[in-house]
Amino acid sequence: MVFADGEDLHKTILTAPIGICVLNADTLVTEIVNDKFLQVAGKHYDEVFGKRYWEVFSETRPYHEPAMADVIKTGEPFYGNEVEVTLTRHGHIENIFVTFVYSPVKDKAGKVSKVSVWVLENTQQVTEREKEVAEKLAFRRERDRFKSFFMQAPAGICILRGPQLVYELVNPVYQQFLPGRTLLGRPIFEAMPELVGTPLQDIIVNVYKTGVPFEMNELLVPIAEYEGGPTQDRYFSFSYQPWRDENDHVDGILAIAFDVTGMMTVQQQLREAREQADRQKRIYETITSETPDLMYVWDLDYKFTYVNKALLNMWGKTWDTAVGYGFRDHGYEEWHATMHERETDKIVATKRPLRGEVAFPHATLGRRIYDYILVPVFNEHGEVEAIAGTTRDVSERKLLEEELAKSSEELQAINEEMAATNEEQAASNEELTATNNQLALVNEQLLEARQKVETSETALHLAIEASDSGTYSMNTKTLEFYASPRLKELHGFGRDENVTYEDLVGQIREDYRQIAHDKVQAVLTKGTKFDLTFPVIGFHDGKQRWLRSVGTFQQVTNSSDTYFAGITNDVTEQKEDDQRKNDFIGMVSHELKTPLTSLTAIVQVANSKLKNSEDPFLAGAMEKANLQVKRMSKMINGFLNVSRLESAKLLIDKKAFDLHGLIEDVVKETALTVSTHQITVHQCDSVTVNADADKIGSVVTNLISNAIKYSPKGKSVEITCELVGDKVHVSVKDEGIGLSTEDKAKVFERYFRVESSNTRHISGFGIGLYLSAEIIHRHDGEIWVDSEPGEGSTFYFSLPLAKE
Ligand code: ADP
């Protein structure tokens with residue numbers, strides 16, 4: 001192309017719709033540049049005109065300088081088609097697409113003198129085209145991605161393609177709805193003929209036609225297990241979406257379906273279960289709301305899931321403010337809350353229920369004691385999932401129990417042991433009675449024999465010799481003495497040895513010899529009965545034996561001769577038995593004292609606390625318990641004293657004191673507990689005795705309580721003191737049942753009790769008087785009784801006045 005310089009041509013270039021820039025081929029300086037070129041380049045005229053081309057477009061220089069150089073060199077034009085160029089336009093770096101031509105302008109000699117650059121920008125077309133391509137690609141990728149996602153989706157998914165709605169894609173879950181049925185590649189209504197004529201068919205067809213999606217929950221779809229088989233009711237939740245091609249035309253349906261048949265069944269079961277549970281809850285509710293017991297359930301987070309009315313009331317809360325909250329929210333103290341938490345953990349670990357007792361302050365009732373049972377609630381795997389409990393207020397019962405349990409238990413134990421001891425005593429009494437009877441019998445025989453054979457003493461002795469007893473007789477005038485062979489044996493001599501009275505006495509153990517002598521003297525001088533149990537040391541064998549000898553002073557008929565005759569038995573075994581019994585009693589009594597002391601204290605405290613109780617039983621119970629405990633104390637002390645006495649450990653601690661004051665004290669104390677009898681003290685001046693005040697006090701107590709025990713209610717008991725010489729005589733007189741002559745002689749014996757219809761219901765052990773007598777004797781005093789059956793009794797004792 002050859003340009004002829006000229007104004008018109010220049011104008012044509014400047015206004016051309018294509019960017020044109022003309023350069024000097026030697027210098028590459030811009031000589032002509034038009035507006036269109038400047039517009040594409042995004043530069044001002046001054047930036048380009050008269051400037052070297054590559055200085056203006058330095059960013060494209062590396063790519064296109066060689067092409068331009070080639071054009072100049074070869075004279076052939078260079079076409080750049082839709083080249084992407086990075087340019088600084090209006091100060092911004094931009095990527096643009098241009099189509100340009102480097103076109104050589106030759107002079108007449110054919111040498112390239114100028115280069116014209118023709119430029120057309122097509123950035124917009126290019127980007128639009130590219131976008132379109134990218135979108136299509138993305139669309140395809142997206143569809144692929146969807147498809148692969150569909151294949152793995154947990155829902156049943158299929159794609160139905162074309163107007164025939166052919167299964168193009170079926171994911172495994174969808175296939176599982178229809179196991180064994182061929183779907184892929186087949187039109188839906190052919191593969192699933194059971195849908196034909198159902199509303200679902202219309203729905204599907206409609207989605208394809210209108211492009212409007214359709215969704216439905218829990219629709220009943222009768223489907224056959226296999227093609228052509230009988231249909232079963234199945235439930236599906238599904239959605240049909242129109243499936244569009246890349247041109248946005250509906251060309252299929254995307255179906256997403258969930259088989260909810262199982263869920264529907266479960267829901268049905270759940271509904272039924274819920275109804276059942278509701279019914280049960282109502283029943284349970286009725287039961288639990290009517291009980292005063294506290295009932296509750298808490299879960300393993302220690303939060304209450306159930307509380308009954310009683311507990312709500314106690315907390316002063318409503319269901320909503322109670323359930324879902326923990327112990328501390330309900331004001332449980334820290335120790336209490338942690339205790340239940342520990343228990344919960346324990347139940348979870350052991351799966352066993354647990355019972356406990358707890359005391360804490362109730363909002364209005366003060367300190368209460370609660371008995372509670374916690375049981376595990378198991379889930380279907382047999383694991384503990386909650387704790388259910390009931391709590392009962394046992395304060396009242398507990399108080400009673402606590403106060404009475406100890407006392408009644410201990411009383412019970414004491415009673416039982418006492419009963420046992422009692423039985424033993426009864427047995428021993430029987431034995432003694434038997435011996436007595438035997439003696440009486442032998443005595444009778446003796447007398448009879450005496451009368452019969454009067455002068456024939458030998459015959460008599462022979463008769464008795466038949467028994468196991470030793471016998472003796474002594475003519476009180478001639479002091480002629482006869483000892484039977486058995487008696488000699490009992491004293492450790494040979495049966496045929498010649499033995500005198502003195503020989504026999506010589507074998508009596510030293511500490512008893514004087515006593516025996518005195519008693520014999522009493523028989524000879526006063527004619528009293530001889531009865532002594534004493535130890536002898538065998539003459540030959542040196543063995544100790546206990547013998548009981550009973551003798552009487554006897555007048556032989558038709559003769560002026562008097563005899564002291566008697567019978568002796570070996571009572572070693574009884575004696576040893578006695579000793580053991582004694583030890584036992586001593587031990588038991590001693591052991592009983594300690595619990596009894598604490599029992600006394602407890603009962604006294606309980607008494608003072610419960611005295612004013614509103615419950616009349618409670619108020620009275622401790623009073624009675626107190627009395628019983630006191631009685632028990634006395635008895636036990638009695639037994640202890642007997643045992644001490646027997647083992648010679650009863651200590652008498654003598655001090656000077658005022659006897660009258662002591663009597664007054666005893667009477668006052670007795671009057672505190674006795675309201676059935678009138679007790680009066682007469683004529684008692686103050687007298688000082690030197691004695692063991694406690695022990696003498698117990699004698700007076702014993703006499704007064706006997707007077708009360710053995711006389712009817714309403715009668716009076718009178719106490720007097722009288723100075724007789726250098727002694728004081730104290731008497732206790734009652735208007736009671738009295739004593740027969742026979743019994744009078746025995747009441748001071750150990751364990752002796754009058755057996756009659758009057759006394760059978762009165763409890764006692766027969767040791768009070770025995771002990772009293774022993775105590776008085778150790779004070780060098782006397783004790784005796786005046787009495788007539790039915791006329792009352794007066795018991796006396798005397799004590800020497802204190803010297804000085
Ligand atoms: P206890 O009264 O425990 O049986 P005691 O040794 O005090 O034992 O009395 C022995 C027995 O003497 C009593 O069982 C009773 O038969 C009789 N006795 C005691 N005191 C009286 C009395 N005041 N009146 C009638 N009998 C009495």
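Start with the open sheet of 5 strands whose order is 7-6-10-9-8 and whose pairing is antiparallel. Its edges are strand 7 (166-170) and strand 8 (214-224); each has a single partner strand, so one side of each has no neighbour in the sheet. Neighbouring strands here are turned against each other by 35 degrees on average, direction ignored. This is a predicted model, in which local features need pLDDT of at least 70 and side-chain atom pairs count only at pLDDT 80 or more, while totals for chains, interfaces and linings use all residues. Residues are numbered from 1 along each chain as its sequence is written, and side-chain values use heavy atoms, with hydrogens and water left out.

Some terms apply throughout. Helices (H or I, at least four residues) and strands (E, at least two) are DSSP runs numbered from the N terminus, and two strands pair if DSSP finds at least two bridges between them. Angles run from 0 to 180 degrees between N-to-C directions, with axes fitted to C-alpha atoms, for helices over the stretch in contact.

Next, select strand 8 and strand 9 (residues 231-244), which run antiparallel and are joined by 9 bridges. Phe-214 has Tyr-240 in strand 9 as its bridge partner.

Now show helix 6. This helix lies across strand 6 (156-161), strand 7, strand 9 and strand 10 (250-259), at about 75 degrees to strand 7. Helix 6 (residues 123-152) also lies across strand 3, strand 4 (92-106) and strand 5, running at about 125 degrees to strand 4.

Follow those strands into an open sheet of 5 strands, ordered 2-1-5-4-3 with antiparallel pairing. Strand 2 (30-33) and strand 3 (78-89) are the edge strands, each pairing on one side only. For strand 1 (residues 19-24) and strand 5 (residues 112-121), the antiparallel pairing extends over 6 bridges; look for Gly-19 opposite Val-119.

Finally, select the ligand and the 21 residues around it, of which Asn-706, Tyr-710, Asp-734, Arg-753 and Leu-769 come nearest (a residue is near if one of its heavy atoms lies within 4 Å). Helix 22 gives the largest share of this shell, 4 residues.

Check these polar contacts (pairs of N or O atoms within 3.5 Å; within protein, one must be able to donate a hydrogen and the other to accept it, and residues adjacent in sequence count only if both atoms are side-chain atoms):

- Asp-734: a polar side-chain atom lies 2.8 Å from a ligand nitrogen atom.
- Gly-768: a polar backbone atom is 3.1 Å from a ligand oxygen atom.
- Ser-793: a polar side-chain atom lies 3.4 Å from a ligand nitrogen atom.

Technical notes
Contact = heavy atoms within 4.5 Å.
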